[in-house]
Amino acid sequence: VQLQASGGGLVQAGGSLRLSCAASGSIFSINVMRWYRQAPGKQRELVAHITNGGSTNYADSVKGRFTISRDNVKRTVYLQMNSLKPEDTAVYYCNADILRAYDNSFNFYWGQGTEVTVSS
């Protein structure tokens, strides 16, 4: 199982970016999908999550600016980031609870991270 994140880059404050994270491999089912971020010198923090039914939750710092969504057919989770601020600068990681075809329980899988830099 692999999670491949993409979409990071350099953007000016007030701009937008859309991150994507696609899961691949011998997957039977995907439950919760999440986006985390880790800024330099700080701990990794949960940004948003979405269940397989579409329920979402956000960190207070991104509410109203970020939107998480998913395409269950494509096994992909997205993070639309609008009104970006310099404090959003971080490496963004995707994470998912995945049941492989030959497992009997869900396990966490991490993507490799994609860097977002917001200039002031």
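Trainee: What makes the disulfide of Cys21 and Cys94 right-handed?

Mentor: The torsion about the S-S bond of Cys21 and Cys94 is about 55°, so this disulfide is right-handed. Bear in mind that this is a predicted model, in which local features need pLDDT of at least 70 and side-chain atom pairs count only at pLDDT 80 or more, while totals for chains, interfaces and linings use all residues. Residues are numbered from 1 along each chain as its sequence is written, and side-chain values use heavy atoms, with hydrogens and water left out.

Trainee: How do you know that Cys21 and Cys94 form a disulfide?

Mentor: A disulfide is a pair of cysteine sulfur atoms within 2.5 Å, and the sulfur atoms of Cys21 and Cys94 are 2.0 Å apart, so the pair meets that definition. A search of the whole structure finds 1 disulfide. Cys21 lies in strand β3 and Cys94 in strand β9, so the pair ties together parts that are 73 residues apart in sequence. Strands here are DSSP runs (E, at least two residues), numbered from the N terminus.

Trainee: Why is Cys21 called buried?

Mentor: Buried means under 20% relative accessible area, with exposed over 50% and partly exposed in between, using a 1.4 Å probe and protein chains only. Cys21 has a relative accessible area of 1%, so it is buried, and Cys94, with 0%, is buried too.

Trainee: What makes a group of residues a nonpolar core?

Mentor: The term stands for a set of buried Ala, Val, Leu, Ile, Met, Phe, Trp, Tyr and Cys residues joined through side-chain atoms within 4.5 Å. The largest such core has 32 residues, and those with the most contacts inside it are Trp35, Leu79, Met81 and Tyr92. Strand β9 gives the most to this core, with 5 residues.

Trainee: Why do β1 and β7 stand at the edges?

Mentor: Four strands form an open sheet in the order β1-β3-β8-β7, with antiparallel pairing. Strands β1 and β7 each have a single partner strand, so one side of each is left without a neighbour in the sheet.

Key:
Two strands pair if DSSP finds at least two bridges between them.
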